[in-house]
Every structure is written in C-alpha cells, then in structure tokens.
Amino acid sequence: MAITETQPKSDQSVTTDTNKTITLRIARFNPKHDLASAFNEYEIPVQKWTTVLETILYVKQNLDYSVAVRYSCRQASCGSCGMRINGYPRLACYTKISELNSDVITVEPMFNFPVMRDLVTDFTQMFSTHKRMKPYVINEESELVSGKKEFLQTPQDVEKYLQFSYCIKCGLCNSGCPTMATDKSFIGPQGLGQAYRYVADSRDKGKNERLKEVDESHGIWRCHFAGTCSHVCPKGVDPAMAIQLLRGYLLGFGR
Ligand code: SF4
Ligand code: FES
C-alpha cells in the first residue's frame, strides 16, 4: 500500500475511443507548505466503465505525475483508495464515472483522517485502534493451539460474525462518522465493528478483554447512531448494527 509518486506504467491509461470527456477536479494539498487545499482541473476522456481511479491515473500518466494517490488491488479488496468523490466517501477503484451522473467529478481526501498529501490520508490511528481491539481469535486451549483439535462451528455460529469479517479496513465508515468529526479519540465504527466481529465468534475467549476496551469515555457510548458508517461501507458491513449488538453484551443481553 505505497503512496504513488512516480509515473505509472503505460497500461494505466484510459481508453480514449469515445467523445465523452469529464472535468476531474483534484484537491491538492501538501501539509509541509500549504495552508489549505486548492483544486486542479483536468479534462479526461472516459468510457462507461472508466473508474474514478483510472481517471486519476490518467492524470498522473499524461498531465501531472505529481498527484499523490494511494491504491493497490484495483478491485475493492485492499482498502487503499478511499476518498471523497463528489462529496461522498467511496473507493475510487470501485466507483465508475458513469454511475455518478455528472460531467464534473471532484475528488478530495477522506474526512476525519490527517492528510499526508493530496488524496492520501494517514491511517496510523485507525490501525492502532484496530490493533487495540485484538482482531484475532483468542483461545489458549492447548489442543486447539497445538492443532490436535479443530475449531468446530455450526453455520449459525458463523452467521453471527460473517458479514463483519468482510471489512477491508478502508476507513470509509470512520470518514463518514459525525462522532469521529468531533472526537478524534473516538474508537470509531471500524474498530467497534471489528471488536464485535471477534466477540461474536464462538471460538473466541477474549470477550471480556474487548468489552473492557470499548467501554471507555471515547468508546462505544459516544456513538449516537447516525448510521452513516453502514450507509457508506463498500463491502456491506453494518458497523452501526455491530455497535448496538456490542452494547447488548455490555448490558448483559449478549447472545
Ligand atoms: S466497515 Fe466497511 S467502511 Fe468500515 S473500514 Fe470496514 S470495509 Fe471499510
Ligand atoms: S485499490 Fe484496493 S480497494 Fe481500491
């Protein structure tokens, strides 16, 4: 997941056999010497399947290689390319120009993260919070650790946490969260969703450790259920529901 500052290879161009062009507005900002971001505008040829990421890479290849953008998989798997696209938190590789219904596309860095440069935000705090939630199965039972015994689960056991395991750590939920906008220390929907994912796992014995971690002043009770996190998630994860279910465990109603 490197920040790309070099000129991309030639296969990263947008196919140009179409007359349609859009105006791409890219927010430019370097915290080392800029006080505020400014927009650069570019005219980009597109086809109906062209993604927002491809238009940014077109700029880097043909017009201005200095634009900073982070991406890797180009298939909504790595979680690198989150940004605001016409004001809405989205994955650039997973958003087609044709679905935006606009000939002017504005791309800006995600809200609620420090900007490293242009479209690239700093995930240090999110990953550190994620780590604090102990995102792994905790179970010291010796026969399981040694591999002599299997972790058996029923389909119903798996159903309890499955959708939450689809999180790709893209940060879009934290970017859309109004509580994160006012409390930079809030655990956030990404971390809380992952805490629930493991608390709900029948193989796990770390429930009490995680519940203690989320039950603090910048923790689970700060959520006021705006629900934006679930609305913007590109993987169908429902962090708002996870937060409510996790509260259930804290109140003694956990399943
Ligand atoms: S819950 Fe969804 S929006 Fe939030 S980090 Fe995971 S995949 Fe991204
Ligand atoms: S480049 Fe991996 S999610 Fe977009």
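Student: Which residues in α2 meet which residues in α7?

Tutor: Two residues are in contact if their C-beta atoms, placed from the backbone, lie within 7 Å. Here, Met126, Thr129 and His130 in α2 meet Gly188, Gln190, Gly191 and Gln194 in α7. The residues of this contact divide into one nonpolar, six polar and no charged. In this division Ala, Val, Leu, Ile, Met, Phe, Trp, Tyr, Cys and Pro count as nonpolar, Asp, Glu, Lys and Arg as charged, and the others, including Gly, as polar. The model is predicted: local features need pLDDT of at least 70 and side-chain atom pairs count only at pLDDT 80 or more, while totals for chains, interfaces and linings use all residues. Residues are numbered from 1 along each chain as its sequence is written, and chains are lettered from A and ligands numbered from 1 in the order in which they are written.

Student: At what angle do α2 and α7 pack?

Tutor: Axes are lines fitted to C-alpha atoms, for helices over the stretch in contact, and angles between N-to-C directions run from 0 to 180 degrees. Helix α2 (residues 124-132) packs against α7 at about 20 degrees, with the axes 9 Å apart. The two helices are therefore roughly parallel to each other; angles under 35 degrees count as roughly parallel, over 145 as roughly antiparallel, 65 to 115 as roughly perpendicular and the rest as oblique. Helices (H or I, at least four residues) and strands (E, at least two) are DSSP runs, numbered from the N terminus.

Student: Is the crossing of α2 and α7 left-handed or right-handed?

Tutor: A crossing is left-handed if the near helix is turned anticlockwise from the far one by less than a right angle, and right-handed if clockwise. α2 passes α7 in a right-handed crossing.

Student: How do α7 and α10 pack?

Tutor: α7 and helix α10 (residues 239-250) pack at about 55 degrees, with their axes 8 Å apart. That makes α7 oblique to α10. The crossing is left-handed. Among the residues that meet are Leu192, Tyr196 and Val199 in α7 and Ile243, Leu246 and Tyr249 in α10. By class, this contact has twelve nonpolar, two polar and no charged residues.

Student: How do the axes of α7 and α8 cross?

Tutor: The axes of α7 and helix α8 (residues 207-214) come within 9 Å and cross at roughly 160 degrees. These helices are therefore roughly antiparallel to each other, and α7 passes α8 in a left-handed crossing. The contact is made by Leu192, Ala195, Tyr198 and Val199 of α7 and Lys207, Arg210, Leu211, Glu213 and Val214 of α8. Its residues comprise six nonpolar, no polar and three charged.

Student: Which residues are closest to ligand 1?

Tutor: A residue is near a molecule if its C-beta atom, placed from the backbone, lies within 6 Å of it. Ligand 1 is surrounded by 13 residues, of which the closest are Cys167, Cys170, Cys173, Cys233 and Val237. The elements giving two or more residues to this shell are α5 (172-176) and α7 (188-199). The shell divides into eight nonpolar, three polar and two charged residues.

Student: Which domains does the assignment give?

Tutor: The bounds come from an automatic or database domain assignment, which gives domain 1 (3-121) and domain 2 (124-250). Their C-alpha centres lie 30 Å apart, and 13 residues of domain 1 are in contact with 13 residues of domain 2. Strand β6 (residues 88-91) gives the most to the side of domain 1 that touches domain 2, with three residues.
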